[in-house]
Structures are given as C-alpha cells and as structure tokens.
Amino acid sequence: MHGDETVSRQVLVYLVEYLLASYGNEPRVSELVDTTDVYIMPSMNPDGFERSREGDCNGDNMGRNNARDKDLNRSFPDQFVSKNISSDDIPEVMAVMRWIQLKKFVLSGNLHGGTVVASYPFDDSASHQQQGLYSKSEDDSLFRYLALVYSKNHPVMKTGQPNCPGAKDETFKDGITNGAQWYDVPGGMQDYNYLYGNCLEITMELSCCKYPPASELHKEWDLNRESLLAYIEKVHIGVRGYVKDAVSGAALANVSIMVAGIRHNLTTGTHGEYYRLLVPGTYNITAVVPGYKSVTISSVQVLEGKAVEHNFTMSPVENRSSPPILPPEPQPIQPQQFRHHTYADMELFLRKYSSEFPSIVHLYSVGHSVEGRELYVMAISGNPTVHEHGEPEFKYIGNMHGNEVVGRELLLNLIEYLCRNYGTDTEVTKLVNSTRIHIMPSMNPDGYEIGTEGDVKGYKGRNNSNNFDLNRNFPDQFATITDPRQPETIAVMNWLKSIPFENPLMHNGHPCEDLYPGEYFEDGITNGAQWYNVRGSMQDWNYVNTNCFEVTIELGCVKYPMAKELPKYWEQNRRALLQFIQQVHTGVKGTVSDSRDGTGIPNVTISVDEIDHNITTAHTGDYWRLLNPGTYSVTASAHGYKSVRTYATVPKDGVEVVDFRLTRVHSDSNGQPLKGPQPTQNPSEKELQSLIKDLSLGQGLEQLVSSTDTENSFRYRGYKELAGVLRGLTLNFPKITSLRSLGQSVEFRTIWALEISNKPGEAELSEPKIRFVAGIHGNAPVGTELLLEFAAFLCINYGKNPAITKLINETRIVIVPSVNPDGRELAVEKECTSTQGLSNAHGKDLDTDFFGNASQRVVESQPETRAMMDLILEKSYTLSVALDGGSLVATYPYDKPVQSVENEGTLKYLASVYANNHPKMHLGDTGCSNGQMSNIPDGVMRAAERQSHMGSMKDFSMDFGHCPEITVYTGCCFFPPAEQLATLWAENKKALLSMLVEVHKGVRGVVRDKSGKPIVGAIIVLNGGVRVFTTEGGYFHALLAPGNHNIEAVADGYQQQRQEVVVSSYEAANSIVIVFDMDNSIFGLPREFVVASAAASMTALVVTACIIWCVCAAKSNRQKDGFHRLRQHRDDYEDEIRLTSMGSKKSLLAHEFQDESESDEETLYANKI
C-alpha cells in the first residue's frame, strides 16, 4: 500500500507459492484452501514500488505515495472527517473500494513496514489527538483477539520490542496496539473495511527496515509464515449461516445481522449467507430486514474453534388491519434486441453474458468447426462449472443445419432471458438452481456464415464447410455411415459422452400448408422414421449411446426468416422452451451407493422392466431415469454387487426418489467383507486407491491433463538428439530416472530404455511395471516423439503435481522410444505411405522377427529383436503399450491367425481404455485414405483382423513374457509433418496417462504358505486359461476386464486354491492373499491312507525277511560247504541293489547268493519278479 514498504509485497508472493506448493501435501493448507476463498494482493501501489530503492530503510526515495503523490492509507472515506480528494488522483483506492464492496470480505490483513506490531481499529478519533488516545470500536475485544493471533505467532512481534533503529524505546504490549493510540491516521483502509465493508481488518507492520536487501527476505518469510496461516484460519470462528424466505425458500440478501450488546451490524450476501466473527461467549443474534418479521436466536454458544452454524427463516409481515393489497406480479424481463447474430456477433454476445453473470454462467468450447470456429456452449446453473450430485443435466443444440437459423437466435434469447431473470423470477431461479442447462447456439457456424437471410427452403449453408450434412454423420444402429466423421460431429459426440445428459435438438419447420400442402402431424408430433428416414442422425445416436433422451424440434416454416420476424418466434416458443427443460425433473431419480461405506457407485445399470433401454449412474452414483407417470419395476445392477430390485410410482407432476444401497458379492449381510486373510493397507495404499478412483471417474483424468500443460516446440529428433534427450532427462531428474542400453542395432546404434520411478533401477516387486515401446517401424516416428514428450512431461511434473508424483512413486515405467533406430535414419518426413525405413538395416521387418521357439525360426534373430526379447523375458511387466503409425486404431493380441483368444475380453478392454481416452479413435472412423479399414467399432480390433502375420512383438510378449500388449496406431500418416506433432500429442496425452492409471487395476496379491513364507513361481490361472506367475516375495498382478473372475493358484506340493474376485473399472486392483496348505494327497490318494498302507507293507516285509533269514540260517548250517557270499565290485553291487529295489525282499535275497555247485554263468534269478 506504501510503495517503499516492500517486505509485505514479497512475503505475500511467498505465501502464494507456499499455498500452491503445499496444497494436496499438507492437510492444514489443503483444508484452508478447500474451505476459504483467499484473495492475495501483493502490491496495491506498484507505481510507488518502482520509485523505491533496495536498502532504503527509512523511505527517503519518495516511493511511499502513488504516482499522484497521494498517501493511499489517508485517502479512504473517514467516519470523523470529510476527505476532499479527486478520485482521479487515487485510482488505486477507488479500485480497492469497489473490490471490497463487491466481494464482501469477512477478514482482511493490511501488511506494512517500518516497525513490528499488529495494529487494530480505530485508526483515528473524533478529536484527532495525535497520539495516546485509545479509539475503541464496538468489536474491540474481537480485534484485540485477532491482532494477538498474529502477534503471538511471530517470534519478534510477540516480544513487543521491535528495537528499530531510531526508536529503540518504542514498545508495544504483547506486540499489538490500537491504531489511534499509536498515532492518529484519518482515512485509513482498516477503518473503511470495518465501517463500510462488512470486513474486519487489522494492520500488520512487519519489519523495521522498509526496503531491506533481498538477502533478508527469506528470514522475513520465516518470521511471518505461521502468523499468516493462523490469521487466515480465524475467518472460520464465530457464527455463520443463511437467511431465507419462509414462503418461497429464496435467499434474502442485505439482511442485518445484529448481535446484542455489539452495536455493529453486518449484512447478508447475495445468497443470503453471513459470517459473524465472535470471540467465545454466549450471544443473542437477531436478523432484521424491512418487510419481514425479525427473528432472534437466543443463547448462541460460541466456542473456540470452528464457527457454529445458525440459519434464519424469515416470514413476510402481514397487515391485518385491512385486506392486503398485493403488488402486481412482477413480469419477467424479455429479450430487448432481436437480430441475426453473425459468428463474431454471437461470440461477443456470449462473452458479454459470461462476464456479467459469472456466478451462474460458464462459457466453454467443445471443439472447432472445419474452418476453426469455436463450438461454444453456455452452461447456466447455480454452480455451472461442475456436475453436482443429484442435479440433472439438460442441453439445447441449435443451428445443426447452418441455414436453419431460428433455433440459433431462440437459444441466444433464452440465454438472455435466464440470466436477466435469475434471482427475480421464481420459475427461472428455481430452474437454474436445480438444473445445469447447457446451450449450444450453433453446431454449424461455418454453414451459417454462407446462409442467406430470407431463404425459405433452400440448401445454401445447410451442410458444413466440407459439404456434409451433420445430421447424417453420426454412427447409425442400422446402417454403416461411410462419410468421414466431421470435426463438428466428433466434438459433439465427445461432449455428449462426457456429461450425463438426461434429455433437444432444434431445427425449423412445422405444418406449412403453403410450402408442404397435405403435411399433417397429429398433436404436432411425429416419429422420425415415419415422417422420413434419416440415417446417421444425432437424436438416435444420443438415445442408443448415452443416457440422453433427445427430440428434434422444428420451429418454423422458413429456414432463414427476416430479422423482423424473430420476436414472433420468441413469443411462440418461450413457454415451450422453459417447459421442456422442466421435463428433466420427471420420472425416477436417486443415488446408488455401497452399503459398506456409503460411497456412490458409478456406471451402475438402471433398468426398467419391459423397457429395453438402460441408463447408467454418473461418477458420484446419481441417476435420472425419465418416465411417464405410472408404477415401474426398477433394478440397479453392477459388477461385483448383488442386484437390487424395487417398485417406484412416478407421480403426474414431479419425480420419485429411489435410492439403492448395493452389497458387494463377497460380503456378509451387513456389507462387510467375508472372513479370511486380508492384506493390510497402509495410508499410502489408501491414498493411491483414492487417486485411481478420482482419475477414473468423471472429468478426473481430463482435469489432470488440463492442469499439467508443458511448453514445448515439437520437432522430429534423429538418433543423436534422441540419445541426448534421454541423457538430459537422467541429468536433470537423477532421482527418478535411470537409463540403460538394451543392445545395439545392426549399424551399432544403441537401443535405449529409460526407467521412471521413485527408485529407478531397484526392484519394487509389489509395484506394477508398465512398458511403453515405439519405433519398431522406423518409418513411423510419431510414437518415438510422443514417448519422449511423455517422459519429459512426467519428469517435469514430478513433485509439482500430486497425481503425477503419486503415479510415479507407485509405478515402474519403462520407455523404449526407438526399437529400430537404423530404419528411422532412412525414413523421410511427410511421406505418409512410404515404406522407406520400415525395416532395419538388414531389410527385416522387426515385427515379424519375434519367435520364442527355435523350431519356428528360419534364420538368426536380428540384434534389435534380441534386445527387446531379453527385455520382455524379464517377465516382470504388467502391461505393455506399443505405438505405431499408418492407421487410427488400437489393436490387441494376437497378430497371428488363431481361432480363439484366451482372455479376449480383458485384452479388448485394455485397448478400448486407450481408444476411449483418445478424442477421435473411439469414434471408430479412421478417416484414412490409404486403404485402411474404416468404421471400426469403438476404434478397437483384434490385430489379426487388421493385418495377420507371425512373429510379432505383441504375440511374443503374450506367450513368453506373460504380459498383455496393445498396439496403438496414432494416425493415418506414417511420417506426418512436424507441425502436426503438437496436435498428435494433445490427442494422445490423456490416453497415455490412462494406461498409467489402468496398470493399477485388475487383481493383485501375494501367495504364501501357512508359516507366512512367500511362494515363488506359483501359477495363477485366470478364468481357467491365461497364466501368470508369482515373483520374488510371492507377488502377482494381473489385469482383468471389469466383472467377476475365477482365480486358481497352483504350486508343487500344495493344495490348489480357488477364489472369485470382482474387478471394477474405476477402483485400484483388488488385493488378495492366497495361503497354501500342504498337499495331503499321494498318487491322487489321501496321505493318511497311503501312510497306513505303507506302514502295513513294511511290517509285512520285515516279518517275511525274518522268516526267510531264519530258514536260510538253518539251511546254511546244514550245507555250509555248498555256499559262499557272492564277491562283487562294490559299485556293481549297489547298482544291482537299486535295480532290484522295486522287487520283493525274496528277489533281493536270491540275487545276493549263488550255489557253487552250479556253473558260474548260472544265477539264482529264477525267483526275481
């Protein structure tokens, strides 16, 4: 405020940095920012600052005042003296006064320099005694309390002894002072805030030296940081609440809030809100406003800590002495100007209303037309920027055919009508507060620009700039639309899928006898196909592919009427436009939540018996199902939950609320998990689960993308520069990156692999590991550039963006940007179809060189292939994503021709995740003219259907690396011009991030025995087919499509284990613990039976041996001379023993002895079995 008092300026800059950097990391700061609107003005007098000089402690350089030499802290209106200052001389003061009146701040701090103390109102007195007169305000005890909060948290200020040069004896008890008692300041800002602005402000003097050397600034920040935070937190003390009309429920503004015993009132804001700061105590609080009965709440207890909430409901005053004379019903404000708006005119109109009504209006664009015009949408609601739980979403779209202009002008009229009447007209206010209304005045701005006023039934301007009819350009359920998808269509499809609309589309024309004699519509409505067949229409696509019900409204016979006719159209359609919006509030609505923790469940299917059309819940679990009046059977069903069915009766006017609480499949009757070994969860895992859910629902991933832009000038980089970029990443971000060589190409170029992780190079077995690969075909280098930018993007945002930081901390990311560097050096930019550079230096297409079995290989594998095979065979990867070019599609295994693919549902799902997060790919129209397939459902296909071949990297990864790999083709052109790279990055950035989120889903766990010892190498069989193996520590992780899955665990020497798991599309991996028992079976028989049988057999053998020994001993004594012990070599003897060990004991004895009376060649083997 005083230009030469600069410590405050820099301390506030530090405060801004601190709040931003700490948000999401420090709970205290996060709560403060989440619950408070904090406004920080670092400099109220920038002109004065520019004249000041560093090191000037006393302010000798004339920088205190503004450029007109006015002291801004003597220029505000004063309660005791009239100021005669021209407003032209104090533009800073005038701006701040307007700001104070507009914002109705609750608490404020005014930072100065020159000493160290906290000063509070009043700053002057009626007598204007220069010093020593305590000028007490009505809230004196509160002001003292607030000043002490700042002082007691400041190490120097709290001593009350600033020890400033030239004023060593100046002291302040407890570091605070009443302003006037210190010295008289007429026209000060803190008094103006208190008296005229509803706001409590104190003045903080931060330092003895007004403009200290920069080296002192960090110390000043350290001294003031805690004081600043503690002071901001005091905005939440006292009493808070709302004041509403008892009859209409409308918010009441400018209601006086009076506290008994304190003769200083404040008034409510535009939404009826008030915040009355008070020190702890008991108070009587009264709300007063003309025309209403006063309301008093007695004995309000204010305690230390957060404010207590008390709301007021006020009844209008009734005059009983005579019949009330009711004022005339206020008439809504109608649009004042009717004209045709060109694009430039329409754009200014929308920006004007967005600026004038920021609290209820949000202007945004969903894309661009062929000629680059914005496709603007105006959202109108009480909270227009977000989908609020339970609030339905409604849309109007106009001017789809550029020469049908009435819808465009009516929607602009509607925007004006809703904005001008909000807060005064009950119908409009209720509609805006309860609905988020999206209005797109023009879907075809290019066509409009060439239309002609007065055109009755022509076609000029109907189509877009590419001459395609946009209402024949959407995917159709019955026919294949061969026309290329237009940018306007793509933009609207993406928009409609991003918001859970419940509902119309506006054209022109109703029965027009002069133009279309004999055309008649009973009740003014018709089935579209009965009227005439339209393939590829938007209203059918809405109904089939989204939750939205859409009808097409034809508004007039003339497509482009004269401007003078427009008021007539508004008058004819005004009521219908409003009433149609009201219809979104009919049918059944509610919330589907988890019975265990009460959280909303997204993507739950809401089905109605006998109506073959389902809808799904939004990301917070809310839904709206439009239905006619009647009784219906409604069912809520979701993967992993038990379905719930109930009956709902829809009233004639209004909506029936039906909430569902679903129980997880593997839960008890109370929704709690069934008993069994459960993995322990640390806070970090809970934080990760919360992040994965946030990024998987609603606009979470979109918001992450928009909040993490990085500056870059895109260009293609050759091998040397690529290597330089990778080394640069490791030098600039050594804590999270490591670079290694996988091998060399034919021409001895290194194939690099960059790992990004919080502990790069270290094995973190419990973390998923994802592989990104590009450049297997050197003539398609887009993927290489995307991965280099992706790596830089991750590194730059690490430590800055909490979501990116958490993903890197919990994931091992390996990026191989160029598998075929030799081919890349041969490729030529702007060659969209050339195969130059596709193969390596030996002319081999590397994607046909991956063979795991020697019998399949004809020649030795290429060095690039061997490098990648070694990487894949590490078998530690959970997911792999390969980038290629020449089409716009995501493919999943296999490339080789196979009849069926195990786990195809999961593989297809993984590819669809990428496609769905790409603005064009999921639409299924490649738009390629190079002979590639078009109209691919959802932009996903099995690789063999695109181009079947053997020896692909994808197939090798599946069969030998046990890792699913998808291949993403980023565009039709193999080697597009460098200026297209920025667009390609924008298209793929969200999809690449979605893979980092997806790799944390599926099912993961640990396998161990009963003693807790991990079991390495156990086989995890998924749904009876695909197998994964446990790694060191017994860990495993497998990606699975959402749904129920069977898991079998097999290990040698242990009993086979089975579990059923539920995988969610929005939750982190379901973590399980598998505990093995020893296998009690031998040869398929129970261990107890086998042991008993073996014992019996051994007993029998011992008895038999004893008997034989006795017999032989007796016989030996009688015929001693006829026998001797067989003399054999020891080794031969042992070999023979082993060979005969499976025989009987009798055979063994027969082998050991020989009758000397017989020949040497004859042996006693006669009895051997």
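In this predicted model, the buried residues of helix α21 pack against α17 (683–696), α18 (700–706), β28, α20 (782–797), β30 and α27. Contact here means heavy atoms within 4.5 Å, and helices (H or I, at least four residues) and strands (E, at least two) are DSSP runs numbered from the N terminus. Helix α21 spans residues 802–809, and seven of its eight residues are buried, where buried denotes under 20% relative accessible area, exposed over 50%, and partly exposed the range in between (1.4 Å probe, protein chains only). The buried set comprises Ala-803, Ile-804, Thr-805, Lys-806, Leu-807, Ile-808 and Asn-809. At the N-terminal end, α21 is capped by Asn-801, whose side chain places an oxygen 3.0 Å from the backbone nitrogen of Ala-803.

Residues are numbered from 1 along each chain as its sequence is written. Local features need pLDDT of at least 70 and side-chain atom pairs count only at pLDDT 80 or more, while totals for chains, interfaces and linings use all residues; side-chain values use heavy atoms, with hydrogens and water left out.

We turn next to the sheet. Eight strands make up an open, mixed sheet in the order β27-β28-β30-β29-β31-β34-β32-β33, two strands being paired if DSSP finds at least two bridges between them. Its edges are β27 (737–744) and β33 (940–942), each of which pairs on one side only. On average, neighbouring strands are turned by 20° against each other, direction ignored.

Helix α19 (residues 719–732) lies across β27 and β28 (750–756), at about 25° to β28; axes are lines fitted to C-alpha atoms, for helices over the stretch in contact, and angles run from 0 to 180 degrees between N-to-C directions. Helix α27 (residues 981–998) touches β29 (769–774), β30 (812–816), β31 (879–884) and β34 (965–971), and its direction makes about 155° with that of β29.

Elsewhere, the unreviewed UniProt entry places the feature "active site" at Glu-205 and Glu-554; such annotations use the numbering adopted here, have shortened feature names, and may be inferred rather than shown by experiment. Glu-205 lies in strand β4 (residues 200–205) and counts as buried because its relative accessibility is 7%. Leaving aside neighbours within four places in sequence, Glu-205 is in contact with residues including His-112, Gly-113, Met-157 and Trp-182.

Notes: Polar contact = N/O pair within 3.5 Å; in protein donor to acceptor, adjacent residues only side chain to side chain.
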